[in-house]
There are 2 protein chains.
Amino acid sequence: MAPITPINAPHPFDPLQPGEIRLAVAILRAAYPGVPLRFKTVDVQEPIKSEVIPLIEAERLGQPLDVPRPARLVFSYFHRVDNGVFFKGLVNLNDRKVVQVTELPAEIQGPADPDELAEMEEVCLKHPAVIKEIEKMKLPPGMTVCTDPWVYGTDEEDESRRLYQCYMFIVPVNHPQSNHYSLPCDFSPVFDAKTKELIRMDNLPTRNDHTTKETQPWKPVKAVEYAHDLLDQPHRDDLKPYLVQQPQGPSFNVDGQLVEWQKWRFRVGFNVREGMVLYNVTYDRRNVFYRLALSEMTVPYGDPRKPYHRKQAFDVGDVGLGITCNQLTLGCDCLGHIKYFDGYRTDSKGNAVPLKNVICMHEQDGGILHKHSNYRNQLATVVRNRQLVVQIICTVSNYEYIFAWIFDQAGGVEYEVRATGILSTMPIDNSDGLTVPWSTNVGPGVSAPNHQHVFSPRIDPAIDGFQNTVFYEESVKLPKELGIADPYGVGYISETSVIDQAGHTETDVSKSRVFKIRNDSIMNNVSQKPVAYKISTVASQPMLMSPDSFNRRRARFAEHPVWVTKYRDSELYAAGEFTSQSTSSSSGLETWAGRGENVVDTDVVFWHTFTLTHNPRPEDFPVMPIEKISVHLKPSGFFEKNPALDVPPSNQEFNKSCLHSGGGSGSSVGKL
Amino acid sequence: MAPITPINAPHPFDPLQPGEIRLAVAILRAAYPGVPLRFKTVDVQEPIKSEVIPLIEAERLGQPLDVPRPARLVFSYFHRVDNGVFFKGLVNLNDRKVVQVTELPAEIQGPADPDELAEMEEVCLKHPAVIKEIEKMKLPPGMTVCTDPWVYGTDEEDESRRLYQCYMFIVPVNHPQSNHYSLPCDFSPVFDAKTKELIRMDNLPTRNDHTTKETQPWKPVKAVEYAHDLLDQPHRDDLKPYLVQQPQGPSFNVDGQLVEWQKWRFRVGFNVREGMVLYNVTYDRRNVFYRLALSEMTVPYGDPRKPYHRKQAFDVGDVGLGITCNQLTLGCDCLGHIKYFDGYRTDSKGNAVPLKNVICMHEQDGGILHKHSNYRNQLATVVRNRQLVVQIICTVSNYEYIFAWIFDQAGGVEYEVRATGILSTMPIDNSDGLTVPWSTNVGPGVSAPNHQHVFSPRIDPAIDGFQNTVFYEESVKLPKELGIADPYGVGYISETSVIDQAGHTETDVSKSRVFKIRNDSIMNNVSQKPVAYKISTVASQPMLMSPDSFNRRRARFAEHPVWVTKYRDSELYAAGEFTSQSTSSSSGLETWAGRGENVVDTDVVFWHTFTLTHNPRPEDFPVMPIEKISVHLKPSGFFEKNPALDVPPSNQEFNKSCLHSGGGSGSSVGKL
């Protein structure tokens with residue numbers, strides 16, 4: 001542990017600032033005098049938990065802050081340009097020294113970075129072989145071609161080249177939001193990202209089989225556009241403005257990355273991999289969660305045909321949610337009073353690149369939180385459900401994900417994932433009405449294959465402290481062993497099973513299985529049980545691919561919905577640290593859970609895998625209306641009664657609603 | 001079918017008006033000259049579908065409205081006061097005649113009505129035996145006792161008396177919102193509602209077994225109160241106002257009961273049993289649903305001990321959601337511009353009783369509906385998710401339910417159920433820390449038993465017409481029989497199973513089973529499949545009671561999550577027409593589904609049973625934060641593309657959000 005650092009140093013959970021990036025890059029460059037370096041990632045190193053706890057406990061308890069703190073560490077993935085060797089380096093900003101540099105094995109691929117992707121696009125579009133294929137399409141004047149390079153899902157063990165499968169699309173009009181995904185080409189070159197060589201020109205199957213043919217002249221069809229000024233229909237003219245006014249400002253306070261709202265208090269972290277991270281979440285000065293973030297996600301596609309079997313994005317590990325997250329705009333993405341948080345990434349030259357407004361925070365009204373009327377006198381107590389939303393929106397090529405942590409006034413936290421954006425499409429020769437069973441036609445010449453979105457939020461709990469136990473409860477008929485007669489066959493109880501060993505388990509809707517995390521040292525005086533939070537896990541279909549497929553081998557976290565591990569520093573990413581072209585996730589969750597350590601009354605981590613199986617609708621194109629999945633984390637005996645009783649009542653003086661006097665409840669005379 | 005009625009007559013889907021109630025009552029009284037009648041229900045008779053279709057199709061297509069319409073029929077449950085006989089009568093208001101009166105068998109019990117419940121409370125509290133029990137408690141001065149009479153869940157076949165189990169509570173302070181549910185008494189009298197006789201005085205078990213004892217002097221404990229001015233904690237002072245302003249008014253138009261909003265068009269019906277009913281739901285002049293309503297719900301409790309096995313509310317059939325729904329208040333229950341619809345019930349004397357503001361309708365902002373950014377230039381298209389909420393809130397003694405149909409701009413409808421209010425409680429002698437396994441202690445001397453809320457919304461579809469077919473799709477690995485090689489083990493398809501015979505089926509999360517309703521006569525030109533809507537059923541634990549328990553026999557609709565029937569007029573209520581003290585639901589859904597009729601390409605009805613298994617948390621007391629369940633009805637190939645593309649873009653000019661400049665994204669200097 002480092003000595004006590006000055007009080008104006010960054011908080012250990014603060015994201016990296018530009019000066020820190022510059023300093024870290026300078027320290028690394030100085031370690032390689034005369035050697036040109038190419039930077040892929042420069043980011044804050046997750047602090048060691050045991051080194052942070054004294055500080056955050058002093059903060060929570062309002063005690064003096066002159067406690068030891070962790071050193072400010074930065075890690076970097078970088079290449080030597082001269083020989084291509086890939087390194088992971090760790091730098092201490094406090095003493096301005098390199099802590100360690102590790103040369104990574106040749107088969108390890110780092111994540112894609114924006115400079116590399118832009119370069120890949122340019123290489124592809126300028127390559128003579130690609131130009132030749134484009135010419136074969138005989139496009140009308142004014143139409144151009146673009147490419148989305150895809151990280152190469154591997155199908156063999158020993159690929160050490162760094163490859164991109166470039167999917168090609170026709171850009172139908174010169175408009176910055178023209179929907180090229182509506183016009184996929186039927187060829188796809190594969191490039192080596194290091195040598196810039198064309199490895200292969202794939203022709204894509206376009207019928208109900210594996211056959212391919214030479215690139216053909218394009219059969220003109222109309223693109224399905226989404227941009228408002230490209231639509232051939234008028235806007236609706238009957239949508240009236242809906243304004244959220246907060247005349248006294250929002251109910252939150254922000255100090256740097258520290259947020260206080262309705263007894264909640266937490267720090268907003270940001271890094272290029274996970275994007276948004278919440279740290280040290282407390283309620284009314286009681287510990288609830290140490291760290292909340294999406295650890296990984298993967299999106300395998302169900303098209304059996306080459307090269308589509310390679311389509312398996314790992315949006316956290318392959319690129320990074322911090323890299324792909326949108327720089328948000330006032331009035332577009334949220335209503336009301338919006339607080340934006342910025343972030344920084346690093347470009348290939350080691351410069352800090354500002355990411356403005358990447359995390360947004362605002363309040364919203366979630367309807368009624370609780371209500372009761374005394375039916376004898378009609379007198380009602382109503383409390384509205386004010387919520388605090390902390391959100392990022394990521395664009396991963398075609399798709400968009402909206403990730404939000406939503407806090408309420410009753411101790412609840414909701415992790416909400418919304419999928420929107422544009423379906424990943426493929427060409428189909430459907431002028432004769434052809435359909436294929438693994439895909440949905442969404443326009444002329446374009447089809448959107450079935451796929452699954454598999455998410456793995458990592459929940460690092462701190463239920464009234466850092467020693468916790470995970471268990472589940474099931475609703476079962478009153479067991480005979482209890483010796484209580486049940487003459488009418490109505491009795492049922494909640495049966496508890498403790499997860500005592502690190503590992504995985506299943507959801508079970510048929511028993512209303514609910515997972516909880518408790519602190520055995522703190523009793524709830526009302527329920528006479530240890531204080532706990534429950535996690536309403538999402539029951540969903542597991543990954544549909546074969547157990548021995550690369551899709552499954554690369555994402556074993558998808559095999560089970562619930563995993564419990566004993567906390568260890570730097571065990572953060574479910575599919576392991578490096579997912580690009582990975583052949584296995586064995587450096588990830590399944591290995592950590594496989595240690596089978598005791599996880600009773602100790603520092604535990606809860607991992608929840610849930611899946612959105614998405615077999616597209618025509619309505620999901622050209623931009624899909626959101627599909628939403630939520631995981632709720634709620635107190636369950638953490639409080640002795642509803643903690644929101646002290647929320648002021650909802651009334652007209654406070655809410656200023658308007659009575660609509662149009663229409664009536666009588667009969668509809670005249671107009672039918 | 002009746003002759004063409006004047007154009008200013010009520011619409012067949014309009015709720016009953018006071019003049020119609022008066023007329024119907026007068027017609028019935030005239031049929032029984034000199035005989036005193038006691039009215040239980042007077043309500044609109046559901047029109048015969050085939051008689052309404054010509055009118056609603058003319059409306060939809062903008063054709064002349066001079067088509068035949070159904071007669072305006074009213075039904076009534078009423079008693080002869082002289083001999084107690086119970087009748088169901090049907091009256092034609094057009095020709096002012098009684099159509100039919102049926103004498104109901106002695107074992108049939110009608111629903112509870114407000115006059116009866118008030119009388120029952122009075123009878124109970126004035127009864128000498130009850131007064132004697134109250135005296136045994138030796139309550140301190142100022143404390144009183146009240147009762148909630150419970151409809152008597154039967155435990156034998158041949159009960160023809162009409163009984164109420166009166167649960168007794170101490171009212172701790174003279175305050176209109178004092179929480180008597182916090183202080184349940186340990187005795188419970190049973191009364192005959194007709195003779196007003198005390199049938200039995202039950203003593204309630206209060207330990208971990210079936211034993212009971214004489215009513216004891218009350219051990220003073222503090223009630224857990226919810227009313228704001230009874231709390232011993234201050235209100236939060238940091239919640240700032242959050243106002244919804246609609247300077248140009250709402251986006252809906254209302255004409256009588258007809259609502260038009262964002263291409264949706266429907267009629268808001270109201271009746272005392274189902275409360276809110278939506279009729280003739282169309283989108284952009286295309287039929288989508290004929291009728292949407294909650295058909296029934298039941299709430300069995302998991303306490304094995306007498307008399308708690310009788311606790312099984314049927315909140316639709318036993319009382320009626322229209323009877324129990326709250327008269328809503330501006331600013332308390334909704335934000336923004338609110339349209340209220342009124343209803344009427346009838347008292348025991350046949351008078352129309354106004355129910356003001358029982359249905360509310362307002363718009364809300366549901367976050368982002370769709371978004372895509374072109375990552376090459378960061379240009380984004382964002383459309384917000386404006387929603388229309390049509391809602392009732394029902395108070396069923398202790399509990400509250402918030403039922404809402406929520407429409408969106410992309411053709412989606414969400415049926416949202418929120419449970420709130422106060423847990424049903426029982427006394428427990430827990431001064432020594434006793435807990436019982438089927439219940440959660442929620443305060444001193446009070447425990448809240450496990451229970452299940454089982455809901456059955458009835459969805460009468462009209463997907464582009466009235467001849468529909470229900471089917472389900474499952475995601476399965478590419479079947480070998482398709483003859484398509486799958487060398488990488490990634491292929492998966494959507495497999496279709498048609499429900500061709502009326503009956504029931506299960507949910508299956510492990511296969512992402514999704515139910516759809518299609519119209520085989522109308523093809524989607526893009527997907528090349530029939531137009532359809534999908535229903536995202538809720539997978540939940542079935543009722544936990546024994547198969548031969550009265551709880552299960554009275555609610556066979558709870559046995560399966562999905563039921564499909566061939567439409568027949570007046571088959572509306574899943575547990576049958578009369579649920580009070582019922583011994584079986586055989587006059588309901590299981591019988592209609594059991595006919596096994598062909599349900600392919602015909603007029604079908606989709607019934608979805610879903611359950612909230614509620615094992616209380618201490619946090620659910622004294623008023624529970626909402627628990628929410630939603631069923632989504634979404635177009636699935638009903639449209640050729642996202643139907644919300646024409647919604648105007650979201651931007652600051654329209655939304656007028658505010659930038660919060662507090663805090664910063666830098667490090668948190670100084671304050672930690």
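At 19% relative accessibility, B:Asn357 counts as buried, where buried means under 20% relative accessible area, exposed over 50% and partly exposed in between, with a 1.4 Å probe and protein chains only. B:Asn357 is found in strand E17 of chain B, and its phi is positive, about 55°, although it is not a glycine. The model is predicted: local features need pLDDT of at least 70, side-chain atom pairs count only at pLDDT 80 or more, and totals for chains, interfaces and linings use all residues. Residues are numbered from 1 along each chain as its sequence is written, chains are lettered from A and ligands numbered from 1 in the order in which they are written, and side-chain values use heavy atoms, with hydrogens and water left out.

Helices (H or I, at least four residues) and strands (E, at least two) are DSSP runs, numbered from the N terminus.

**Relation of the two chains**

- Chain B is superposed on chain A by a rotation of 180° with 0.0 Å of shift along its axis, at an RMSD of 0.0 Å; the superposition is by least squares on the C-alpha atoms of residues with pLDDT of at least 70 in both copies.
- The two copies are thus related as by a two-fold rotation axis.
- The same surface serves both copies, in that 100% of the contact residues of chain B recur in chain A; contact means heavy atoms within 4.5 Å.
- Of the residues of chain B, B:Val244 comes closest to the rotation axis, with its C-alpha at 2.4 Å.

**Annotated domain in chain A**

- UniProt, in an unreviewed entry, lists residues 244-645 of chain A as "domain: Copper amine oxidase catalytic"; its positions are given in the numbering used here, feature names are shortened, and annotations may be inferred rather than shown by experiment.
- The span of residues 244-645 of chain A is 5% helix and 50% strand, and its end C-alpha atoms lie 25 Å apart.

- Four strands of chain A form an open sheet in the order E5-E6-E7-E8, with antiparallel pairing; two strands pair if DSSP finds at least two bridges between them.
- Strand E5 (144-151) and strand E8 (198-203) of chain A are the edge strands, each pairing on one side only.
- From one strand to the next, the twist averages 25°; axes are lines fitted to C-alpha atoms, for helices over the stretch in contact, and angles run from 0 to 180 degrees between N-to-C directions.
- Five bridges join strand E7 (residues 187-192) of chain A to E8(A) in the antiparallel sense, and A:Phe191 stands opposite A:Leu198 in E8(A).
- Helix H3 (residues 114-126) of chain A packs on the sheet, touching E5, strand E6 (163-171) and E7 of chain A, and its direction makes about 130° with that of E5(A).

**Helix H1 in both chains**

- Helix H1 (residues 18-31) of chain B has 14 residues and reaches 20 Å from its first C-alpha to its last, close to the 20 Å expected at 1.5 Å a residue; the expected span is 1.5 Å times one less than the number of residues.
- Buried residues of H1(B) are B:Pro18, B:Glu20, B:Ile21, B:Ala24, B:Val25, B:Ile27 and B:Leu28.
- The strands of chain B against which the buried residues of H1(B) pack include strand E1 (37-44), strand E2 (73-80), strand E16 (337-346) and strand E17 (352-374).
- In chain A, A:Ala30 is found in helix H1 (residues 18-31) and, at 59% relative accessibility, counts as exposed.
- A:Ala30 and A:Lys97 are 67 residues apart in sequence, yet their C-alpha atoms are 9.8 Å apart in space.

**Strand E30 of chain B**

- Four of the five residues of strand E30 (residues 562-566) of chain B are buried, so the strand is largely enclosed by the rest of the structure.
- Strand E27 (residues 503-505) of chain B pairs with E30(B) in the antiparallel sense over three bridges, and B:Val562 in E30(B) is the bridge partner of B:Thr505.
- E30(B) also pairs with strand E31 (residues 604-608) of chain B in the antiparallel sense, over five bridges; the bridge partner of B:Lys566 in E31(B) is B:Val604.

**Backbone particulars**

- Most residues other than glycine have a negative phi, and most peptide bonds are trans.
- B:Asp284, in the loop between strand E13 (275-283) and E14 of chain B, has a positive phi near 55° and counts as partly exposed at 46% relative accessibility.
- The peptide bond from A:Lys306 to A:Pro307 is cis, with omega near -5°; A:Pro307 is found in the loop between strand E14 (286-300) and strand E15 (312-313) of chain A.
- In chain B, the peptide bond from B:Lys306 to B:Pro307 is cis, with omega near 0°.
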